[in-house]
Amino acid sequence: MSDTATAQPFLTPERVEKLRDYVPFIAIALVILMFWAISGDRFMSVRNWTFIAQQTPVLLLLAFAQLMIVTTGSIDISIGSSLAFSAFLGALGMLWFGDVGLILGILAGGFVGMVNGCIISLLKIPSFVTTLAMLIIVRALVIIMSDGTSIYITADSGASGGNISSVAAPWLLSMGKFPAIFIIAAIVAFGMWVFYEKTVFGQQLRAVGGNEKVLRLVGINVTTFKIKVFAAAGLMVGLAACVNLARAGAATPQAGMMMELDAIAAVALGGTPLTGGYGSVVKTIIGALTLTIVRNGLTIAGVPPSWSQVALGLLLIAAIAISLNRSKIEVVK
Amino acid sequence: MNGSGAEPLLTVEHVTKSFGGVQAMRDGSFDLKRGEVVAIVGGNGAGKSTLAKIVSGAHVPDSGRICIKGVEVSRADHSVSHMQACGIEVVYQDLALVPNMTAPYNLFLGRIPRKWGLFVDEKKMRKKTREVLEQLNVTTVQDLSQPISSMSGGQQQSIAIGRAIAWGSDIVILDEPTAALGPNETAEVERLVEDVRDQHGTSFILISHNLDQVRRLADRIIVTHHGVTSREFKRDEITSDRLVKAITLGE
Ligand SMILES: Nc1ncnc2c1ncn2[C@@H]1O[C@H](COP(=O)(O)OP(=O)(O)O)[C@@H](O)[C@H]1O
Ligand SMILES: [Mg+2]
């Protein structure tokens, strides 16, 4: 008892608490160093980082959508299906109305989000169940609408001729390549940061996740707010769908499958608790990057895809186990 | 302080409220004058919080009348924002604050100041928060960027009360403000209520289980029993015995 002052351990509880804040940054640094050590220049090359910069944006935008929703304490597992739906409508919009028709893709995402929000808020069905149902329904709609075929974006206007399932839009394809896609992602990320950290709407996301009942008692209309949140997240999914359309060069019925899980994983790797009330745009960016880098690094290192999924799952559990202060958690559901 | 006296600031006449089959409030009547502290006491489930929520605008009564400064509040107008505009604020039992948000955010809950329509005016919020804390003589809250869940219960309750008085309200409802606090923190909150009443002439509706506290602070005491405001005592005619009898038996 007497000489505790001299025997201060390095990791005091306060320091551990501070350190938890940096887990996503430490994790990504370790991951990069590890793959650099394993694969050397094949990983740490301009070519590979250009590839990573192209690969991350779609996931990043989906993670942003998920971040908005998770911060309020809800979840959206329909965003993969919504991405396919939005990309399809974006491509159809371009067939019908020319280049501006792409906006239809963004609006379609917003529409799916709004429907989710209305069902959750007005019918009071939990977000997990609602969006699970929408995951199934929206995917089925895409397959019905597309009749199982894809719409292709082509570079050369001559080729489209009488073929109804292709659109000539070389500008869109160039948007899906390195500097453009990266710049788009950076602009959206900055906008998202301003929106999430600085606006009244962004603060209210956290407040709803913290204690919805208090907000209702002070006269805030939480019901319409939640509809707006799902709609806003949906617009972000729509934007992700357009970026994906540019990157993939086609709207396919299978697009975005399992991407909802990647988006949740990226948010969680960014240290955001899925119980709501807290979150960070910067750390979500780190989370999305980490996910992409791990997948990329494992592929380069020659790990078969199935095993790399196993590794990703383990990483996710490890990251959350370390970044949450579990001594404060009383109930785990 | 309370010289005008004659006309009540607030009158509540025969309000009722049911939730499905539960008659939470069967007949609630009382009035409140400027600068007065009126306590509402009663057993668990007697309808005290329901009465508080009716007056704050959170619940619309099924029947009855509420007048503020002589003007009746119509059923269509009965809402939290209307009651706030009439100068009524409330510190709710258990759920007054959002735990993961900062002190300034909680102080401005429901009225966050905006810059350019969209953005949070953080400077204004911090400045006002410092002013309010100073006004309340609360010196222990220094770091305004921490979530309030990292503060002590007394500090949190100070913020909740600060939130209620910061907007120049005439009537503040406190629903069991010290139920979760220790003795020192309770004394702190009691001092706060007296200071605010003396300095601003604010009226308080104090809901409390602590009969000693009620006798220290209240000018009048209203007893609720099974959803009826059954008895009223003046400060000097109360003994603990009579109060306990009234609470348990409704007589
Ligand atoms: N929102 C509500 N829905 C259903 N029943 C309620 C609600 N609010 C209060 N009650 C019921 O009304 C009665 C009075 O509750 P309340 O006003 O909270 O009592 P008190 O604050 O005096 O302990 C209780 O039986 C309670 O269960
Ligand atoms: Mg109560």
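The model is predicted, and local features need pLDDT of at least 70. Residues are numbered from 1 along each chain as its sequence is written.

**Listed spans of chain A**
- Residues 21-39 of chain A are 89% helix and 0% strand, with end C-alpha atoms 29 Å apart; helices here are DSSP runs of H or I with at least four residues, and strands are runs of E with at least two.
- Residues 103-125 of chain A are 87% helix and 0% strand, and their end C-alpha atoms lie 30 Å apart.

**A residue in helix 1**
- A:L19 lies in helix 1 of chain A, which covers residues 13-20.
- A:L19 has a relative accessible area of 42% and is therefore partly exposed, a term for values between buried (under 20%) and exposed (over 50%), computed with a 1.4 Å probe and protein chains only.

**Strand pairing in chain B**
- Strand 1 (residues 10-19) and strand 2 (residues 22-32) of chain B pair in the antiparallel sense over seven bridges, where pairing requires that DSSP finds at least two bridges between two strands.
- These two strands of chain B form a hairpin with two residues between them, and B:G20 in the turn has a positive phi of about 55°.
- B:K17 has B:M25, in strand 2 of chain B, as its bridge partner.
- Strand 1 of chain B also runs antiparallel to strand 4 (residues 63-68) of chain B, joined by five bridges, and B:T11 stands opposite B:C67 in strand 4 of chain B.

Key
Chains lettered and ligands numbered in written order. Predicted model: local features only at pLDDT ≥ 70, side-chain atom pairs only at ≥ 80, totals over all residues. Heavy atoms only, no water.
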